[in-house]
Amino acid sequence: MTRASETRTTVHLLRHGEVFNPDKVLYGRLAGFRLSEAGEAMAERAAGYLVGRDITYLVSSPLERAQQTAAPIAARFGLDVETDEDLIEAGNAFEGRRVAGPGGVLKYPTSWPLFRNPARPSWGEPYQQIVLRMLAAAHRARERAAGHEAVCVSHQLPIVCLRRYSEGKRLMHDPRRRQCSLASLTSLTFQDERVVGVSYAETAGTTPNRLEEQPPGA
């Protein structure tokens, strides 16, 4: 039950739209990966989905695809797009390389030592570190939108990690089972500083979890 003195705030974590990636590499934090035409349409649909909501604060990862996804929301709500480095994609040792399929890193023995610890994981930014920075970003957004709603544009793995933490689940997981489609909204409802609800919506429909976009075996 919400007490009269408590402030209820919703922080929406929006995943960016589809990226133009004809070589199907894991782009991670690399520069030069922007939305495809389909991704631009996804960003417009996400903005349309939010119409009627009480959005008062908009912040994005610094990466181009996230900034592009935020732009239609900024236009609809008359907001500036602020940037928070803590919303950035997870670091990954396989950036710029294919993960699955022909030429994928899984086929090369030189890559195998990086898979020694899937619980951390050993091939990229530790899950716990991702949670800490994403939680900090979510609380900053909550404070800026206190009593209203905020949108944070970020990336699949960081959003999944924060959701799993908020729901009390273990951080190690199977990436093929992530529920975080392109342009989807994972929403955290806060009462003051406490998360009291988590919900999920797909503004652009279900999209596949492409292994080339994320760490294998995470």
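Me: In which strand is Thr186 found?
Reply: This is a predicted model, with residues numbered from 1 along each chain as its sequence is written, where local features need pLDDT of at least 70, side-chain atom pairs count only at pLDDT 80 or more, and totals for chains, interfaces and linings use all residues. Side-chain values use heavy atoms, leaving out hydrogens and water. Strands here are DSSP runs of E with at least two residues, helices are runs of H or I with at least four, and both are numbered from the N terminus. Thr186 belongs to residues 184-191, which is strand β5.

Me: Is Thr186 buried or exposed?
Reply: Buried means under 20% relative accessible area, exposed over 50%, and partly exposed in between, using a 1.4 Å probe and protein chains only. Contact means heavy atoms within 4.5 Å, and beyond its neighbours within four places in sequence, Thr186 touches residues including Val11, Ile159, Val198 and Tyr200. Its relative accessible area is 0%, so Thr186 is buried.

Me: How many residues of β5 are buried?
Reply: In a regular strand the side chains alternate between the two faces of the sheet. On one side of β5 sit Ser184, Thr186, Leu188 and Phe190, on the other Leu185, Ser187, Thr189 and Gln191, and all are buried. The count for this mostly covered strand is 8 of 8.

Me: Which residue of β5 is the bridge partner of His12?
Reply: Two strands pair if DSSP finds at least two bridges between them. β1 and β5 pair in the antiparallel sense over 7 bridges. The partner of His12 is Ser187.

Me: Which residue of β6 stands opposite Ser187?
Reply: β5 and β6 are antiparallel too, with 8 bridges, and one of the pairs is Thr189 with Gly197. Their hairpin has 2 residues between the strands, and Asp192 takes a positive phi near 55 degrees. Opposite Ser187 stands Ser199.

Me: Which are the edge strands of the sheet?
Reply: The open sheet has 6 strands with mixed pairing, in the order β3-β2-β4-β1-β5-β6. An edge strand here pairs on one side only.

Me: Why is β2 described as largely enclosed by the rest of the structure?
Reply: β2 (residues 55-60) runs parallel to β4 (residues 149-154), joined by 5 bridges, and Ile55 stands opposite Glu149. It is also parallel to β3 (residues 82-83), with 2 bridges. β2 is largely enclosed because its buried residues number 5 of 6.

Me: At what angle do α1 and α2 pack?
Reply: Axes are lines fitted to C-alpha atoms, for helices over the stretch in contact, and angles run from 0 to 180 degrees between N-to-C directions. For α1 (residues 37-49) and α2 (residues 64-77), the axes are 8 Å apart and the angle is about 35 degrees.

Me: What separates the C-alpha atoms of Leu157 and Arg15?
Reply: Leu157 lies in helix α4 (residues 156-166), and its relative accessibility is 5%, so Leu157 counts as buried. Arg15 is 142 residues apart from Leu157 along the chain, yet the C-alpha separation is 9.5 Å.
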